[in-house]
Amino acid sequence: MANRQPTGGHAFAIYAGLAIGAATAAFPFVWMLLASFMTRGETLRRVFAPESVQWNNYYQAWKEADFGLYFENSLLVAVLQVVGTLFFSLLAAYPLARMEFRGRDTIFAGILATLMIPETVTMVPNFLTITWLHRSTPFAWLNNWPALTIPFMASAFSIFLLRQFMRGVPNDLWEAARIDGAGHVRFLFQIMLPLCRAPLLTVGMFTFIGSWNSLAWPLLVTNTSDWRPISVGLQQFVSEAGAEVHLQMAGAMIATVPVLFTYFLIQKEFTEGISMSGLKG
């Protein structure tokens with residue numbers, strides 16, 4: 001039976017419901033944006049829009065919260081985590097998708113099983129491991145970039161996403177590469193890697209956003225502002241700013257802009273990566 005398209009009043013009800021849902025979801029962000037341009041008095045009166053735009057709020061928030069240092073820390077940690085995740089996920093996904101060996105499906109099932117473990121549960125063993133490495137190796141792990149990046153470079157979701165995409169690549173490409181004398185390493189980096197552009201960008205975006213928004217783990221493994229990310233700086237600034245709601249909202253916008261920029265920059269590849277990796281309904 002052919003799918004019936006909604007028409008008339010039914011279609012209006014669907015679109016009206018979607019519009020109401022979208023407006024409800026967007027309202028907190030819109031108010032945060034507007035409040036970041038208000039005066040302190042306007043935020044206390046709970047007006048919806050500022051009478052005059054207060055651009056100075058952003059300068060004050062940036063200066064008082066030392067966002068320059070936190071922004072630099074977050075950017076460096078996020079870039080390191082993205083590069084590491086892409087590299088290790090690619091190396092793990094390829095053999096699970098294109099190579100035949102004993103226990104392959106069992107290993108993949110074990111990787112998928114880790115997706116069901118809450119992140120908070122893994123914090124204790126991760127912290128104990130990092131503490132042991134910090135004491136047993138000459139390299140500083142705690143309060144340094146390795147503790148903030150290395151434990152998260154093995155991502156089960158990233159491996160799954162790339163593996164699903166690689167399984168859909170025609171086997172004829174592998175046969176042609178073998179005829180030319182290529183092995184698995186050459187096939188991975190010269191042929192498979194360019195084809196995986198969309199899912200790789202998707203993995204990179206998820207990793208970047210996860211690293212940028214991380215709060216609990218950085219608080220656990222750092223005790224100074226030397227490597228703490230902007231999420232920690234924002235949390236401390238919100239606590240210190242007190243009733244300065246307009247500055248809090250400006251600080252929140254500063255922390256949000258890179259995430260929005262990253263999404264809008266690769267939204268086309270993100271949609272393509274999801275649709276081509278076996279996650280489509």
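**Exercise 1.** Does tryptophan 62 count as buried, partly exposed or exposed, and at what relative accessibility?

Solution. The model is predicted: local features need pLDDT of at least 70, side-chain atom pairs count only at pLDDT 80 or more, and totals for chains, interfaces and linings use all residues. Residues are numbered from 1 along each chain as its sequence is written, and side-chain values use heavy atoms, with hydrogens and water left out.

Step 1. Buried means under 20% relative accessible area, exposed over 50%, and partly exposed in between (1.4 Å probe, protein chains only).
Step 2. Tryptophan 62 has 36% relative accessibility, so this residue counts as partly exposed.

**Exercise 2.** Describe the aromatic pair of tryptophan 62 and phenylalanine 71.

Solution. Step 1. Rings of Phe, Tyr and Trp (its six-membered ring) pair if their centres lie within 6.5 Å; planes under 30 degrees apart count as stacked, over 60 as edge-to-face and the rest as tilted. By this rule there are 16 aromatic pairs.
Step 1. For tryptophan 62 and phenylalanine 71 the values are 6.0 Å centre to centre and 50 degrees between the planes, giving a tilted pair.
Step 2. Phenylalanine 71 has a relative accessible area of 25% and is therefore partly exposed.

**Exercise 3.** Which secondary structure elements does the chain have, and what share of its residues is buried?

Solution. Step 1. The chain has 14 helices and 0 strands.
Step 1. Of its 281 residues, 38% count as buried.
Step 2. The C-alpha trace spans about 70 × 70 × 35 Å along its principal axes.
Step 3. Among contacts between residues at least 6 apart in sequence, 70% join residues at least 24 apart.

Terms used: Helices (H or I, at least four residues) and strands (E, at least two) are DSSP runs, numbered from the N terminus. Contact means heavy atoms within 4.5 Å.
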